[in-house]
Amino acid sequence: MAEERPSSLAVMTSGGDACGMNAAVRAVVRTAVHHGLPVHAIYEGYAGLVDGGDAIRPFESGDVGGILHLGGTVIGTARSKEFRERPGRRKAARNLIERGIDALAVIGGDGSLTGADLFRREWPDLLTELVDAGELSQEQADAHPVLRLVGLVGSIDNDMFGTDMTIGADTALHRITEAMDALHSTASSHQRSFVIEVMGRHCGYLALMSGLAAGANWAFIPERPAEAGTWAREMCDALAAGRAEGRRQNMVVVAEGAHDTDGTPITADRVKALLEEELGEDTRVTILGHVQRGGIPSAFDRNLGTMCGHEAVELLLRSAPDDEPQLIGIRENRVVHTPLMENVERTKQVAKVIHDGDYEQAMQMRGGSFRESWDTFHTLVQATPSDQPEGHRPLRLVILHSGGPAPGMNTAVRAAVRLAVDAGHEAFGATSGFEGLARGRIRELGWMDVSGWTAFGGAELGASRMIPDDEGLASIAAQIRDHRIDGLLMIGGFAGYRAAHALLEGRQQHPELAIPIVCLPASINNDLPGSELSVGADTALNAIVEDVDKIKQSAVAWHRCFVVETMGRDCGYLSLMSAMATGAERVYLPEEGVSLDSLLEDVDYLRSGFKSGKRLGLIVHGEGADPVYRSGFVRTLLEKEGRDLFDVRLAVLGHVQQGGSPSPFDRIQATRLARRCIDYLVEHHEQRASAMIGLQGGRVRFTPLASFPTLCETDAQRPREQTWMSLRPMARVMAHPGR
Ligand code: ADP
């Protein structure tokens, strides 16, 4: 009988490389070490598994240090013909048994996971063959009768069932969006057209989401093929109309697997020829190719890899040897596991459904938010709003910002304006938030007024932190009456929520304030109730991670410990997530505070670490972590106590965290939420209801604005419930697996 627990675990990466694979390998190794489970790394994918020898190496936690920021996979990946054949898999089984390995964590795409499952099913027979051939002893075979398997999806395509995001897809979106932003500016300077081909043979995720994020003007994806015979005319008309409205560039995204309803491929060259011949456009093609795979992993992919790798080992340890193998992924913002082969089968099914021409079914299988994104994209690419039926009464909707700037605010305004106008309503922007509204600084925003806003950081409309008092409420009420405002969309942070709530409370004295109000969370702090993730937080997190990567490089040469202070006010989200993504040893959060005991423990840890050869220390300190033991204090303390062993430097990252062009995720989320907010204002116009929108468990939900005060801490600016707090134990294991 097998023991309940595997004897030893091996981790490998296979198939196409993807950013975030290193984080997953690191997490598998460190979680195994934490539980005292021996762990090996297999180099070069299945090729290494078949070759054995030095390709299968025992790993300790130090072997996976300093790899989070590296692209691709440091343990290598390869395609292996030998593993596809049974003799190859027999060699692989022998290599594992000889090292006492009877559990495998495979990070790869559907091909790799299919191969792994076949190997697992054949395992008992392979062992019998090896014993019969005298290559293994019966005792060796008996000690490991079952191969346990767990799968993680590393793939840039985001094409796998069982997870909302595959490890590597977010980084690929970063690469594509950066490239498209760059092409946008040159296209616009020369009034050119660009056709951009992105990866995705069966999956339009990258094409659609990058098109949405970068404000492309047309897109082709495999799941929703363009109508044969008419698509060329349709695209040319739409792009010509955009030019007529004054658009300076055309950007068309083509997924590499795009085709029309007859199955004829739609290639970048074909689109270019059309634009040149039909529209006389000066057109260039850019095929992004392997650039999409590489570069520095995004913060999201690092943390996704970490969470999935950690759960893979936890699951192996708590499941029985004969349990069905599982695939680890995230669904609705939670790490989940579902039967591996069911997911692989369903993934293959989509490719088949597309091949068979059942496109409705293909869209269905991609899920609701994919379809919604496609619809939204199609509205946003129009050159002018749709016509409205006669008798349609337009609503007058005001959009404003309040609180600190958050990347993605402009993206949200652009989407809100276009979607409102397209639905036959009038959109207005109030300059400088509620202060501007009180003073009547309101201007109408038309379709082309928000052109290009998707990529702008900051807040074009301006913001303020004004929370209206009695006088302010009276002024705002008068403006709402004078401008006949029917609804208000506040895109901003805590101050904005408080101000919106003040308007709600002020309805009794000022009946004019009884209009529907909706708050869209936009704050790098991620400190808003009703939402697990606010717009801007992902960009800030990536900004922190980029800076800390550089800081770490500077520190290695000098035996230095860095204390990095991050923003976030009373909320530790940015601190914890950046600590996880950069491999910090310690993180101080406002939710936990800082105690003298913990500081002394850190001094001990750093002293003994540097004494035994450590070259770098990293502590992340949230700006609001403690009113007394502030980051400067921590630096001074460590400086004194570590004087003979290491240097200490403090890096206060400051406002770089609030700036910059929004990340693809923030752009997509801003667009998605803005769409729902406009729908809400229109639908709740009669009831005059008010709400806070947000992602909860990965879904868009509305929470009544009236509940704002009860959902927040009374003495701190953050929600009472914060789901990310549950990641703290895992973060500790990653930082100190041996403890
Ligand atoms: P991905 O995992 O990214 O889909 P591939 O399909 O190229 O990448 O698979 C990677 C490797 O997994 C292959 O080179 C092969 O060794 C192994 N593999 C894939 N499919 C199978 C299969 N059906 N049986 C055995 N091994 C397979």
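Which residue has a polar backbone atom 3.0 Å from an oxygen atom of the ligand? Gly 109 does.

## The model

This is a predicted model, in which local features need pLDDT of at least 70 and side-chain atom pairs count only at pLDDT 80 or more, while totals for chains, interfaces and linings use all residues. Residues are numbered from 1 along each chain as its sequence is written, and side-chain values use heavy atoms, with hydrogens and water left out.

## Overall form

The protein has 25 helices and 23 strands. These are DSSP runs numbered from the N terminus: helices are H or I with at least four residues, and strands are E with at least two.

For 739 residues, a compact globule would have a radius of gyration near 27 Å, and the protein agrees because its own value is 27 Å. The radius is taken over C-alpha atoms, and the globule rule is 2.2 Å times the number of residues to the power 0.38. Along the principal axes, the C-alpha atoms fill a box of roughly 90 × 70 × 45 Å.

## Around the ligand

The shell around the ligand holds 16 residues, counted as near if one of their heavy atoms lies within 4 Å of it. Arg 79, Ser 80, Gly 109, Gly 111 and Ser 112 come nearest. By type, the shell has three nonpolar, nine polar and four charged residues; Gly counts as polar, and Asp, Glu, Lys and Arg as charged.

The most come from α5, with six residues.

## Polar contacts

A polar contact here is a pair of N or O atoms within 3.5 Å. An N or O atom in the side chain of Arg 79 is 2.5 Å from an oxygen atom of the ligand. For Asp 110, a polar side-chain atom lies 3.3 Å from a ligand oxygen atom.

Note on methods. Polar contact = N/O pair within 3.5 Å; in protein donor to acceptor, adjacent residues only side chain to side chain.
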